Amino acid sequence: MKITFAEGIARAIHESLAADPRVVLIGGGIMGLNTGARALLEPVLRDFASRIMVTPISELGLAGAGVGAALAGDRPLVDLSTGSFVFQAFAQVVNEAANIHYMTGGQTSVPVTFYSLAGRRGGGAAQHSHATQAMLGQVPGLQVLTPGGAEDAYGLLKWALLESRNPSVFLSHPLLLGETAEWTAHDAFLPVGKARIRREGRGVSLIASSIMVPRALAAAETLQREHGVSAEVVDLRTIIPLDRDTVLQSVARTGRAVIADECHHSYGVAAEIAATLAEKGFASLKAPVRRVTMPDVPIPFSAPLEAEITVTAEKIVAGALAAVRAA
Amino acid sequence: MSAIATELKNETLVGFYEQLWRIRLFEEQVQRLAARGEVPGFPHLSTGQEAVAVGVCALLNEDDYLFSGHRAHGHVLAKGSDPYAVFAEIIGRQDGVCRGRGGSMHLVDVAHGVLGATGVVAGNVSIAAGAAWAAQVRGESRLAVVFFGDGATGAGVFHETLNLASLWRLPLLLVCENNGMAEFTGREEHSNVAKVSAFAAPYGIPTQTIDGNDVLAVYEAAREAIESIRGSGGPWLLECMTYRMAGHYVGDAQHYRSKEELAAMKEKDPIDRLRRDLVKRGIPENALAAVAARVKAELDTVVDRARRAPHPDPRTVLEDVYSAWN
């Protein structure tokens, strides 16, 4: 059957609450302003009201409450709403949750999941559009989950809520909520920390995560159809842990790498992948690595300005063609 | 002598006296070793504030959750942690309660219910609320107590937590050690609100402002608060007026204080105060002196042993960033 990304999330939350009484929700917005997707959460709110806290707008306090509940043995999901609001909660996410296991000499850990609807959504302007994965990727102790498809939204969130022993930031994306994928309840779940080859190819590797995954897949389709270029699409799935091996193996096969990333250009996820290829995959490269990213500018409001900087399938195609023609 | 003092047995009161000395002398050792360069970082002493830790923790069960901050030595010892493991931690040894990864500002001892210590002022207030919530959802009778200074009331998260604790009627005891100082800045310069207890009122959180240098007053107020909290009465805020006889950190030259002020505050030393009460009660001076001497000998042994303990193996530096992935 096909499920949407939003259905995957709603299903993961419902099933996790049903499976383990330690799973609790601090806030239950989850789907942002998407009315259709919000309706998917009605069964959760109906069936598990006693384990869901209705919350004030209080990101720092709520994130701390999630850390404390996890220290006390619960497995909380804290809804931090729009991705940019993780900054309100940064002191708890980065300076408390991520450090606790290490600072306590391994005595305790905090399996809390911070849920965040991150990324450029259209019209969000500078304060509601951050792709935060690279900033969070700088934080040892955190897990940064960046699903690019509905099956991974379901699987990664369920893993975070039921199995993970560490704090996670789950980066959902407003423009992914309607994306669909094939899914069956009994599928063996790809281990966390493994990237997914979403499409096999021989001429160039398109490396992507989160919203970049469907755009890279669209780019691969165009490359094949219009340019005769066979592109492989690597979906990183998680930024921490990062599956460098699968990236290196893919590029060893194709000889070319184009990294699509919704973070800003400098110090982004793409920069880390490029550095990995330079350090460990240099001999495989037939052309310079190309990054297709957001320029280093706050996200503008006006639609033509926003479109100008958005990482689209067309820009990924252009990056791939440049890589292919460079050799 | 207060009503509570007549109610409590001599044995209990002498126990308080012993704990006060344990914290005082423990921190004197921290100070001594810090002066010799044997304590990494910048430890913060609670000298003069010990009565708050002792009076509150005397009422806690082992499984109650305790959260503290950067000035935590007294709270942790009063909650029941092993002085050896705490001292070894403060000097960065493998036998430390956090295996040398945390240090003075991050004393966590899960086995004794010490779930959190943070170097970030106010960092643990909302975390304590979360632990209290977890206990509440599970229908447990335990509570969470969090210690913080008046400096923490300048942080937004303190106010966010009052709102959450009140809304959710959490089993949370907020204990403010109002020592009149936010690090190096006096209260009159860091807030226009004279009493921290005033913040509780708009949220309907019961509160008391008490003399934090009187261990019996602390005990009495904390007992009322804790009984109420365990009876599902929701959170309490205790404001304990006290005085930090030490600087903000070991080595602080304290230019912001006059000698007269320090001398005046020594008159209010919580240990001497309890000693006078106990003598009035008929406990001989020499028996009390023997208590202090015994604690001193105990700590001398602890410190000698901790100083001989090995440092962590540098090859283990990358361990415990994550609990096992799956």
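Student: In β5(A), which residue is the bridge partner of A:T82?

Tutor: The model is a predicted one. Strand β4 of chain A covers residues 75–82, and strand β5 of chain A covers residues 113–117. These two strands run parallel and are joined by four bridges. Within β5(A), the bridge partner of A:T82 is A:L117.

Student: β4(A) also pairs with β2(A); in which sense, parallel or antiparallel?

Tutor: Strand β2 of chain A spans residues 23–26. In β4(A), A:V78 is the bridge partner of A:I26. Over four bridges, β2(A) and β4(A) pair in a sense that is parallel.

Student: How many of the eight residues of β4(A) are buried?

Tutor: A residue counts as buried if 20 or more other C-beta atoms lie within 10 Å of its own. Strand β4(A) is mostly covered. Of its eight residues, the number buried is eight.

Student: What handedness has the β-α-β unit of β4(A), α5(A) and β5(A)?

Tutor: Helix α5 of chain A comprises residues 90–103. Together with β4(A) and β5(A), α5(A) makes a β-α-β unit that is right-handed.

Student: Which element gives the largest share of the side of chain A that touches chain B?

Tutor: In the contact between the chains, 36 residues of chain A meet 37 residues of chain B. On the side of chain A, the elements that give two or more residues are α4 (59–71) and α5 (90–103). The largest share, nine residues, comes from α4(A).

Notes
Residues are numbered from 1 along each chain as its sequence is written. Chains are lettered from A and ligands numbered from 1 in the order in which they are written. This is a predicted model: local features need pLDDT of at least 70, side-chain atom pairs count only at pLDDT 80 or more; totals for chains, interfaces and linings use all residues. Two residues are in contact if their C-beta atoms, placed from the backbone, lie within 7 Å. A residue is buried if 20 or more other C-beta atoms lie within 10 Å of its own, exposed if 12 or fewer, and partly exposed in between; C-beta atoms are placed from the backbone. Two strands pair if DSSP finds at least two bridges between them. A crossover is right-handed if, with the strands pointing away from the viewer, the path from the first strand over the helix to the second runs clockwise.
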